[in-house]
Amino acid sequence: MDGAKPAAAAGGKQGLEEALLQIVQRHHHQSLRQRQQTDRAKKDALRSAARVADLLVDTVDGGVQELFVNEKRIELEARALLTTITRYRKQTDQWLAATNEINSVLKEIGDFENWMKIMDFDCKSVNAAIRNIHQS
């Protein structure tokens, strides 16, 4: 019976080693699988992050481009407005000069009319004096 124990012990030891070996192999395979899944997830996350970054850059670039186009349009409109203002200023200056000239002419007409009234009064006074002299 003593010979049966070492054989059973050797058989049990071998079964234990095989079980441990299977556990180690299973653990190794699971670790490999988990590492592969982690690597895939990491690559997917990097691809997703790169895509998000590209989309954000495209969105920002699109907004910047739109702002640039709007800025150019506003600059062109401002230049056109300045040109219009300059043209209106010249026109207004011409109208002001013409109005001042008309006022000056009207003043001269008023002065001439006043002079004619004075001359009429003086002529009537001279005429009355001559009549008085002639009647006396």
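Me: Why is arginine 47 called exposed?
Reply: Its relative accessible area is 55%. Exposed means over 50%, buried under 20%, partly exposed in between (1.4 Å probe, protein chains only). So arginine 47 counts as exposed. The model is predicted: local features need pLDDT of at least 70, side-chain atom pairs count only at pLDDT 80 or more, and totals for chains, interfaces and linings use all residues. Residues are numbered from 1 along each chain as its sequence is written, and side-chain values use heavy atoms, without hydrogens and water.

Me: What makes the contact between arginine 47 and aspartate 44 a salt bridge?
Reply: The N to O distance is 2.8 Å. The definition asks for a side-chain nitrogen of Lys or Arg within 4 Å of a carboxyl oxygen of Asp or Glu. The pair therefore qualifies. Both residues lie in helix H1, 3 residues apart, about one turn of the helix.

Me: Why is aspartate 44 called partly exposed?
Reply: Its relative accessibility is 39%.

Me: What makes glutamate 77 and arginine 73 a salt bridge?
Reply: The closest N and O atoms are 3.4 Å apart. This meets the limit, so the pair is a salt bridge. The two residues are 4 apart in helix H1.

Me: How many salt bridges does a search of the whole structure find?
Reply: The search finds 4.
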